[in-house]
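Please open the model in your viewer and keep the selection panel at hand. The stops below say what to select next and what is found there.

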Amino acid sequence: MAESPIQIERDNPPGLIVISPLGDVDMSCSPVLRATLRDEQSSRPRRLIVNLTRVGYMDSSGLATLVEAMRTAKRNGTAMILCGMNDKVRAIFEIARLHQFFTIVDGLDQARQT
């Protein structure tokens, strides 16, 4: 069996889910991230944090995955927060003008308090 192209850490303190992908989020990896987000959102958490601290690059498939997760979060009444973006990933969000639609904070501690 082939190893997953991306690792994803999960942390589930009460009422909160933190998803932390490790590696680039591109067309080969975004299906794994999408499946993880769908699985975690099925429990309808109060807050969902996507920690992008260890994501070096994200392409349009990664953006689409997060947009889909945001739509699901809104439908479920879940607050979705993105944190830890490096300059390259943040620039992709800004070019696509998606930074206006997501709650984006600098770090995980700030996301936990948002």
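**First stop: helix 1**

Select helix 1, which has 12 residues and reaches 16 Å from its first C-alpha to its last, close to the 16 Å expected at 1.5 Å a residue. Bear in mind throughout that this is a predicted model. Now colour the buried residues of helix 1, namely Ser30, Leu33, Thr36, Leu37, Glu40 and Gln41. Because these residues cover an arc of only 125° around the axis, they sit on the same side of helix 1. Showing the surroundings as well, you will find that the buried residues of helix 1 pack against strand 1 (7-11), strand 2 (16-22), strand 3 and helix 2.

**Second stop: helix 2**

Move on to helix 2, residues 60-76, whose 17 residues should span 24 Å at 1.5 Å a residue; the end C-alpha atoms are 24 Å apart, which agrees. Its buried residues include Gly62, Leu63, Leu66, Val67, Met70 and Asn76, and the partners against which the buried residues of helix 2 pack are helix 1 (30-41), strand 3 (47-51), strand 4 (79-83) and helix 3 (87-95).

Staying in helix 2, select serine 61, which counts as buried because its relative accessibility is 13%, under the 20% cut-off. Its side chain makes a polar contact of 2.6 Å with the side chain of aspartate 59, and a polar atom of the serine 61 side chain lies 3.4 Å from the backbone oxygen of aspartate 26. Not counting residues up to four places away in sequence, serine 61 touches Asp26, Met27, Ser30 and Arg34.

Next, display Met58, Leu66, Met80, Phe93 and Phe102, which touch the most other members among the 27 residues of the largest nonpolar core. At least two residues of this core are supplied by each of strand 2, helix 1, strand 3, helix 2, strand 4 and helix 3, and the largest share, 6 residues, comes from helix 2. In soluble globular proteins, nonpolar side chains tend to be buried together.

Centre the view on methionine 80, which, leaving aside neighbours within four places in sequence, is in contact with Leu48, Val50, Leu66, Ala69, Met70, Ala73, Phe102 and Thr103. To finish, select Leu16, Ile49, Cys83 and Val105, which are among the 7 residues of a second, separate core.

Notes
Residues numbered from 1 in each chain as written. Predicted model: local features only at pLDDT ≥ 70, side-chain atom pairs only at ≥ 80, totals over all residues. Heavy atoms only, no water. Helix = DSSP H or I, 4+ residues; strand = E, 2+ residues; numbered from the N terminus. Expected span 1.5 Å × (residues − 1). Buried < 20%, exposed > 50% of the residue type's maximum accessible area, 1.4 Å probe, protein only. Contact = heavy atoms within 4.5 Å. Arc of directions from axis to C-beta. Core = buried A, V, L, I, M, F, W, Y, C linked by side-chain atoms within 4.5 Å. Polar contact = N/O pair within 3.5 Å; in protein donor to acceptor, adjacent residues only side chain to side chain.
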